[in-house]
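Thanks for coming, everyone. Let me put the model on the screen, and then we will walk through it piece by piece.

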Amino acid sequence: MSALGIIGSSAMDELPGFEQSRASNETTPFGEPSSRLLHGQLYGEPVIFLARHGDGQNIAPHLINYRANVWAFQHAGVEQILAVNVVGGISKRCVSGSLIIPDDLIDYTYGRDQTFFDGTEHGLRHIEFSPPYDENLRQRLSAAASAAEIEIIPDGIHGVMQGPRLETAAEIQRLKRDGCEIVGMTGMPEATLASEIGVAYACCGIVVNQAAGIGSGSIHMEIEATKAEGMGIFQKLLRQFLAS
Ligand code: HPA
């Protein structure tokens, strides 16, 4: 079995329990990935981990080299990527501390390198992108959640905003009208790029705050108060996922 690729979110510098065997510095036709690829085992299963925002967590969402990250994974033999994204909750069911496996997305980002196939060196391709997430991987995540008795939200639309600032309340109302249940900044173009080169890709959203105008009080304080809880539940899910 090929290693599971895990793309770590902000607030996720490391994978507890990860036994690293080596780190590789990849170079790709699209430049350098965000960080070294860390190869090793998690709960006895092969895993390759990459910190999306870099080792120092200092790469802004719109400056992440998504193409290099996804390409480096594929080059390392990864056939499945589990992307972890911390997100804000928009719908009632997406309360802080919950986990969601979205089944669709809306891309509100701009100015990011969206494709490997822009008509230059690698040709032009118009891939199908519906559904944007790998159904098999999603179902396996849901099954792992059931087996571990973890309550997750099994579907929902992920709105991907440009950042790095948080949204206005009006922007969140617009996303809500569009049907988005969660909002993040890093889900795209990562998902497209994985699709383009045939790597199965699913997202696990960790809701760390109520989106702007939904909750009351400081979003930053809410994120600080909730992220450890969300990460803890995610670790439990990951453990069961790798065991099944
Ligand atoms: N908006 C966008 N991205 C986020 C949020 C949010 O409220 N919380 C965590 N990532």
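Start with Val84, whose bridge partner in S11 is Cys204. A word on the source: this is a predicted model, where local features need pLDDT of at least 70, side-chain atom pairs count only at pLDDT 80 or more, and totals for chains, interfaces and linings use all residues. Residues are numbered from 1 along each chain as its sequence is written, and side-chain values use heavy atoms, with hydrogens and water left out.

Now the naming. Helices (H or I, at least four residues) and strands (E, at least two) are DSSP runs, numbered from the N terminus. Two strands pair if DSSP finds at least two bridges between them.

Back to S5. S5 and S11, which covers residues 200-210, run parallel and are joined by ten bridges. S5 also pairs with S1, again in the parallel sense, over four bridges. There, Ile7 stands opposite Ala83 of S5. S10, residues 180-184, pairs with S5 in the antiparallel sense, over two bridges. In that pairing, Gly88 faces Val183 of S10.

How covered is S5? Mostly: eight of its ten residues are buried. Buried means under 20% relative accessible area, exposed means over 50%, and partly exposed is in between, using a 1.4 Å probe and protein chains only.

**Helix H1**

Next, H1, residues 66-75. This helix is mostly covered too, with eight of its ten residues buried. The buried set is Tyr66, Arg67, Ala68, Asn69, Val70, Trp71, Ala72 and Phe73. What do they pack against? Strands S1 (4-8), S3 (37-42), S4 (45-51) and S5 (80-89), plus helix H4 (190-196). Contact here means heavy atoms within 4.5 Å. Just after H1 comes Gly77, with a positive phi of about 90°.

**H2 against H5**

Now a helix pair. Two packed helices are described by the angle between their axes and the distance between the axes. H2 is residues 135-147, H5 is residues 219-243, and they pack at about 110° with axes 8 Å apart. That makes H2 roughly perpendicular to H5. On the cut-offs: under 35 degrees counts as roughly parallel, over 145 as roughly antiparallel, 65 to 115 as roughly perpendicular, and the rest as oblique. The axes are lines fitted to C-alpha atoms, for helices over the stretch in contact, and angles run from 0 to 180 degrees between N-to-C directions.

The crossing of H2 past H5 is right-handed. That term applies if the near helix is turned clockwise from the far one by less than a right angle, and left-handed if anticlockwise.

Which residues make the contact? From H2, Leu137, Arg140, Leu141, Ala144, Ala145 and Ala147; from H5, Leu237, Gln240 and Phe241. By class, that is seven nonpolar, one polar and one charged. Ala, Val, Leu, Ile, Met, Phe, Trp, Tyr, Cys and Pro count as nonpolar, Asp, Glu, Lys and Arg as charged, and the others, Gly among them, as polar.

Most residues other than glycine have a negative phi, and most peptide bonds are trans. Here are some exceptions. The Ser130 to Pro131 peptide bond is cis, with omega near 5°. Pro131 sits in the loop between S7 (104-107) and H2. The Met188 to Pro189 bond is also cis, with omega near 5°. Pro189 is in the loop between S10 and H4.

Two residues other than glycine have positive phi. Gln57 has phi near 55°, and Glu149 has phi near 55°. Gln57 belongs to the loop between S4 and H1. Glu149 belongs to the loop between H2 and S8 (152-153). Are they buried or exposed? Gln57 is partly exposed, at 24% relative accessible area. Glu149 is exposed, at 73%.

**Two last residues**

Gly159 is in S9, residues 157-160. Its relative accessible area is 0%, so Gly159 is buried. Leaving aside neighbours within four places in sequence, Gly159 contacts Ile106, Tyr108, Leu175, Cys180, Ile182, Val183 and Gly184. From Gly159 to Gly88 is 71 residues in sequence and 9.7 Å in space, C-alpha to C-alpha.

Finally, Ser218, in the loop between S11 and H5. Ser218 is partly exposed, with a relative accessible area of 37%. Ser218 and Ile81 are 137 residues apart in sequence and 33 Å apart in space, C-alpha to C-alpha.
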